[in-house]
Amino acid sequence: MLNVFIASLFLACHRVFRVIHGGMQVLFEGFWMGLLPESVYDVISEKSYGDGRQYSNDDYLDSGFHFWEDLAIRTYFTPGSRVLVGAAGGGREIIALARNGYQVAGFECSRAMVGAGKLALAQRNLAATLDWAPPSAARQMDGHFDALIVGWNGYCYISPRARRISFMKDLRVQLRPGSPVLVSTALRAPSSRSLLWTPRVANAVRICTLRPPVFEAGDSFSLRPKMHFTRRQLKQEMEEAGFSFVNFYSWGGYGAIVARSPD
């Protein structure tokens, strides 16, 4: 009986701890997400990647396409076409595209990863380019492109929603009519009740500081702003930015949308 009582006591205490811990996390993230200006988000995002080794070591850079990228590229991209890669990290997608015969140019906000990516391209004798762009901004490249990839998870780290849509609109004008677009990001189930209270707290802070509420279900602020989309939210944002829906892939807590620029 004593063992059963102790076990029940522990489980009850653990549930209480989880509730308190979760509540404190919501208050902390929501307060800072609502208080900080977007310019500070950008500094946090850039600094949080550090030296970028996770995304710029040789093993990662030479790992090729992820399975959904390979499927989307083989299905929707024209071989040998000119591809723009936004939020390119250290250049994994750029290297894979160049090795598969595409003409590629990309941009990234982490200066450390841009430097590592430039070196990697030179070491591999690839003619592709990688340039720096400010966080949450689309670099204006030379000429027009036949396809677009927004690097894995790059899109969900742009916050809030209006900035993401502006980012995609700035990329859209650099594409030829009917160009395929691949955007990979974090997902959540529509029935999920997590990630609901953090944006509510953040919006309350914004209202108290005389600013309009801008956050929605799925917004979080763990180390840096991050949006966890539902399929519907991601599709709506692409359509608001002027793209038409083509296909959707999902796995685990992630997903990718394929869309097209206007004809």
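**Cores, pocket and backbone of the predicted model**

Asp 42 is in contact (heavy atoms within 4.5 Å) with Pro 135, Ser 136 and Arg 163, its neighbours within four places in sequence being left aside. The model is predicted, so that local features need pLDDT of at least 70 and side-chain atom pairs count only at pLDDT 80 or more, whereas totals for chains, interfaces and linings use all residues. Residues are numbered from 1 along each chain as its sequence is written, and side-chain values use heavy atoms, with hydrogens and water left out.

Asp 42 belongs to helix α2, residues 38-48; helices (H or I, at least four residues) and strands (E, at least two) are DSSP runs numbered from the N terminus. Asp 42 counts as buried because its relative accessibility is 14%, where buried means under 20% relative accessible area, exposed over 50% and partly exposed in between, for a 1.4 Å probe and protein chains only. The side chains of Asp 42 and Ser 136 are joined by a polar contact of 3.3 Å. Such a contact is a pair of N or O atoms within 3.5 Å; within protein, one must be able to donate a hydrogen and the other to accept it, and residues adjacent in sequence count only if both atoms are side-chain atoms.

The largest nonpolar core comprises 33 residues, and Tyr 155, Phe 167, Met 168 and Leu 171 have the most contacts inside it. A core of this kind is a set of buried Ala, Val, Leu, Ile, Met, Phe, Trp, Tyr and Cys residues joined through side-chain atoms within 4.5 Å. Helix α7 provides the largest share, four residues. Beyond residues up to four places away in sequence, Met 168 touches Leu 148, Val 150, Tyr 155, Val 181, Val 183, Met 238, Ala 241 and Phe 243. Another core lies apart from this one; it has 30 residues, including Val 83, Val 85, Ala 88 and Trp 251.

The largest pocket holds about 480 Å³ of space. On a 1 Å grid over the protein atoms alone, a pocket is an open set of points where a 1.4 Å probe fits, with protein on both sides within 12 Å along at least five of seven lines; lining residues have an atom within 4 Å of a point. The volume is the space filled by probe spheres set on points joined across faces, edges and corners. The lining of the largest pocket numbers 28 residues, and Tyr 49, Ala 87, Glu 108, Trp 152 and Gly 154 are those nearest the centre. At least two lining residues are supplied by each of α5 (92-99), β2 and β7 (224-227).

Ala 87 sits in the loop between β1 (82-86) and α5, and it is partly exposed because its relative accessible area is 22%. Leu 210, likewise not a glycine, has a positive phi of about 65 degrees. Leu 210 is placed in the loop between α8 (197-208) and β6 (219-222) and counts as exposed, at 79% relative accessibility. The peptide bond from Ser 159 to Pro 160 is cis, with omega near -5 degrees, and Pro 160 is in the loop between β4 and α7.
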